[in-house]
Each structure stands twice: as structure tokens, then as C-alpha cells.
Amino acid sequence: MSREQFDRYWRGLVLSGLGIAAIMWLASTGRLGWYVHPRYFWFTVTICGIAAIALCAAVPVLHRASRAARAVDHDHDHDHDHGPGAPPARARRSPVQRALPTIGAALLIASTAAALLIAPPTTLSVAAAQQRQVNSGSGPADGSPVTGEDADRDARDWAMLLRQGGGAEAQGRTANFIGFVLPGTDEPGDVFFAARFVVSCCAVDAQPLGVPVLMPGWERDHREGTWVQVEGVFVANPDVASDQPVVLRPFSVTPIDEPEDPYVY
């Protein structure tokens, strides 16, 4: 193994160790659900445990390879110094040139550690929701009935019910749920969505589902991305040209803190 190969392997081990440590830390603090569906928690943690064992086993192997690499470098330099046709000293790499790969690796490792272990974990933001079309997926098929008591329904349940039969089944029923304020890009300014991200596998495939709330002037009291508890009744949308034939007319829209687990599954 050459010295360059050895350096690459060490960088890979350190970066892998940082990734394992970050995942284990998220699991121990209960925040792994911000990135992975709960059904995959044990699978993710088990794979990380196996990877950690393999990583530890690789350390002594690389240590022996390091000694061999140093010996090869020493013999190589000795041959160049004393063999016929040895290159002049100025043709060899300078100390700065030899140090550049190490400096680059150190910067890569430091930035990775900062991103994974120092920067606080965050949930998906309203900006991510605006990049993904609201109510475009992540739920039962349109023909599948949404069951359950009205008092137990969350934003995802009501959003799916509104997608069935034009929302006629929801009309006249009362709802009480939480969600974050998401402006409706295709709706007039008096409508916003009380939305939740729905995770099927991991945060990468999360899709926003939300309930259209008819509240003229909502921007004065509620900033986009803030969390609210909404209570109201479903009514026919007075805007007949809207894509949302049924909207929620709220009795109250109360600001709340972001829940510990902001996603639904």
C-alpha cells in the first residue's frame, strides 16, 4: 500500500466515524425521527452498530499498513538518493506540497464534523414546503376512505378527506388540529394552508399536506412557517374559481410552539 492510498483510507475511516457518531447521537436524543421514519429506527441503529464494529476492526489493519507504507517510502527515498540517475533535490516535492493533501483532509474532516456534530439538527422548513407542491401525494389513494373520529384527525387526515369527492364529505364538520402556516401559491391572499410534512421513508421524500384555511388578513397575525392550532368548520369556498372547493372557516387560530415531533407518518 502506498502512502497516498493509506492517507485516503484514513480519511474514509474518520469520515465514516463522524457519520456513525452523528446518527447515534440523533438516535439517543430522540431526533432521528427528524430524518428517518420511525419504522426504520432499529434498522438504522443496527447498521450503524455493525459499521462501528467494522471500523474498529479496520484500525489495527491500517496501523500495520501505515508501518509498511513508511518503510516503503524510506526505501524509495534511499534508492533515489544513492542510485544512478537520482533526480536533483529541486525536482522532489517541497514540504509545503507534501503537506497540502493533509491540510485538505483536515479541512474536509473539520467541516464535516461541524456540519454533523456541532450545527444543531433542524426540521424541514417552510422553504422546503414551498419547493414541493402541497397536497401532491403522501397519503392513502384518493379512493381509499379516511377513517377515524373527527376529534383524532390531524392535518394529514383532513387534507386527505378533502381530496375525496371534492371535499363534500368534510363540509359542515368541525376540526381541531395543528400545523405550520404555509401560504397558498395558487390561492388568493385570504387563504393559507395549515400543513404538516408527511414522511414515508425519510426527510428526503417528505411531502407537505395541508388544510386550506379561509382567514382574510392572516398575514397580519401569523408569519409563514409559524405553528398554529386551528379550530373551525368546513364550508364551501366562496371563491368558486379556486382549486379548493371546501375550506376551513376558523373559530380560532392560536400560535403554538413547534411540536417535538413535527412530522406525521
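The exercises below, each with a worked solution, concern a predicted model of a protein chain.

**Exercise 1.** Determine how many helices and strands the protein chain has, and in which order the elements run.

*Solution.* Begin with the count, which comes to 5 helices and 5 strands. Then follow the elements of the protein chain from the N terminus on, where the order reads α-α-α-α-α-β-β-β-β-β.

**Exercise 2.** Find where UniProt places the feature "transmembrane region", and describe the chain over residues 12-34 and 40-62.

*Solution.* First turn to the record: an unreviewed UniProt entry places this feature at residues 12-34, 40-62 and 99-119. Next take residues 12-34 in the model, a span that is 74% helix and 0% strand, with its end C-alpha atoms 26 Å apart. Finally, residues 40-62 are 96% helix and 0% strand, and the end C-alpha atoms of this span lie 32 Å apart.

**Exercise 3.** Locate Ser 242, decide whether Ser 242 is buried or exposed, and list polar contacts of its side chain.

*Solution.* Start with the location, which is the loop between β4 (227-236) and β5 (246-256). Then consider the relative accessible area of Ser 242, which is 14%; because buried means under 20%, Ser 242 counts as buried. Last, look at the side chain of Ser 242, which forms a polar contact of 3.2 Å with the side chain of Asn 237 and reaches the backbone nitrogen of Gln 244 at 3.0 Å.

**Exercise 4.** State what share of the residues of the protein chain counts as buried, and what area the chain exposes.

*Solution.* Of the 265 residues, 35% count as buried.

How values were computed
Residues are numbered from 1 along each chain as its sequence is written. This is a predicted model: local features need pLDDT of at least 70, side-chain atom pairs count only at pLDDT 80 or more; totals for chains, interfaces and linings use all residues. Side-chain values use heavy atoms; hydrogens and water are left out. Helices (H or I, at least four residues) and strands (E, at least two) are DSSP runs, numbered from the N terminus. Buried means under 20% relative accessible area, exposed over 50%, partly exposed in between (1.4 Å probe, protein chains only). A polar contact is a pair of N or O atoms within 3.5 Å; within protein, one must be able to donate a hydrogen and the other to accept it, and residues adjacent in sequence count only if both atoms are side-chain atoms. Accessible areas come from the Shrake-Rupley method with a 1.4 Å probe; for residues, only the protein chains shown count as cover. UniProt positions are given in the numbering used here, feature names are shortened, and annotations may be inferred rather than shown by experiment.
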